[in-house]
Amino acid sequence: MSAGEQLTDFERLSRQALEESVLRIDGRVRSRLNQARQAAVEAASARRRPLFSRFFTLVPTAGAAAAALLVTMVLWHHGPQLELPIVAESSHPAEDLELIADGEALDLVQDGDGSGSFYEWAADQTEAGGGESET
Amino acid sequence: MPVASHGDVELSESSTNARSRALNQFLAGVELKAFKIAQAALRHEDDALDAVQDAMLQLARAYADKPAEEWKPLFYRILENRIRDMQRRRTVRGRVIAWMPFRGDEEEDEPDPIAQAPSMDPSPVKKLELAEAMGALEKALAELPRRQQQVFMLRTLEGMDVAETAIAMGCSEGSVKTHYFRALQALREQLGELV
């Protein structure tokens, strides 16, 4: 109720009676309220504590995180170098793989570029196939 | 990158201490009245203490950084929510107990702490009259609907204006006026010349 508002007698007397009852609150309740207040203020202080005072509690965690990051970086940079020479020797690794996988294609390449060789091989295959079917 | 100097830290710490002092002062100013309001609603001393304690903690944890002028309506809003939670829990517990076949009536026999409020040194006549009025008022308040009781306590005991009361109760200013008017009417009818 703001100061500007006019109170009726009833309201004024009611307020007086209620304020009187507040004054009569016993020591046990007052003590418990006091404890609750201290706990609340402490909770608020802990939440608002400045960054500087929290700095020292953060240092061990930050240090551990930095060390872990450093180790990861070192392993990342040194690990792949052991396998690099193998990759470097082949100019077309994908092509090599195909040749190794396909034995017939390898024969064709080794015979040279001659399209005649291919036809000879094809003719041989046909004859061989025909002979087998006859037997 | 700017680094906080020693002076900045001191400033920050002193600001934190000032906020803590302000919060302590605020809570010290409202705790007794808040207890009385909670006690009128819950009619149980320990429940009222728990409600006030919870409200204090929640205000400190969630709203301590808000401007100090906003604390009072926020605090009473939190307190009101706690009171409502406790009343709901009590209602549920009452229903469960009512269904139990061999229930005891211990709670029924429990004395009402408001009715048994201690009367200290009632030597002057005025004090006697006031004590009588106080007892009658508390009894009449206990019989009011919850919203009317709440608005009457906030406006009369805590001295909050309509706008603050509306925030604390989570309703419109019009509702505050209506509830308050009805509360006054009901109390006048019940108390007559006593108060």
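**The interface, the core and the confidence**

Analyst: In this predicted model, 43 residues of chain B are in contact with 32 residues of chain A.

User: Which helix of chain B supplies the largest share of the side that touches chain A?

Analyst: Helix 1 (6–42), helix 2 (45–63), helix 5 (125–142), helix 6 (146–157) and helix 8 (173–191) of chain B each supply at least two residues of the side of chain B that touches chain A. The largest share of that side amounts to 15 residues, and these come from helix 1 of chain B.

User: How many residues on the side of chain B that touches chain A are nonpolar, polar and charged?

Analyst: The residues in question are those of chain B in contact with chain A, 43 in number. By residue type, this side of chain B divides into eleven charged, seven polar and 25 nonpolar.

User: Which residues touch the most other members of the largest nonpolar core, and which residues is Ala55(B) in contact with, leaving aside its neighbours within four places in sequence?

Analyst: The largest nonpolar core has 53 residues, and those that touch the most other members are Ala38(B), Val52(B), Ala55(B) and Leu79(B). Helix 1 of chain B gives the largest share of this core, ten residues. For Ala55(B), once the neighbours within four places in sequence are left aside, the contacts are Ala34(B), Phe75(B), Ile78(B), Leu79(B) and Arg82(B).

User: Where in chain B is the pLDDT below 50, and what ipTM does the predictor give the complex?

Analyst: Chain B has a mean pLDDT of 82, with 77% of its residues at 70 or more, but the pLDDT is below 50 over residues 1–9 of chain B, a stretch that has four contacts in the model beyond near neighbours in sequence. Chain A averages 74, with 56% of the residues scoring at least 70. For the complex, the predictor gives a pTM of 0.61 and an ipTM of 0.73.

Definitions and conventions
Residues are numbered from 1 along each chain as its sequence is written. Chains are lettered from A and ligands numbered from 1 in the order in which they are written. This is a predicted model: local features need pLDDT of at least 70, side-chain atom pairs count only at pLDDT 80 or more; totals for chains, interfaces and linings use all residues. Two residues are in contact if their C-beta atoms, placed from the backbone, lie within 7 Å. Helices (H or I, at least four residues) and strands (E, at least two) are DSSP runs, numbered from the N terminus. Ala, Val, Leu, Ile, Met, Phe, Trp, Tyr, Cys and Pro count as nonpolar, Asp, Glu, Lys and Arg as charged, and the others, Gly among them, as polar. pLDDT is the predictor's confidence in each residue, from 0 to 100. A nonpolar core is a set of buried Ala, Val, Leu, Ile, Met, Phe, Trp, Tyr and Cys residues joined through C-beta atoms within 7 Å. A residue is buried if 20 or more other C-beta atoms lie within 10 Å of its own, exposed if 12 or fewer, and partly exposed in between; C-beta atoms are placed from the backbone.
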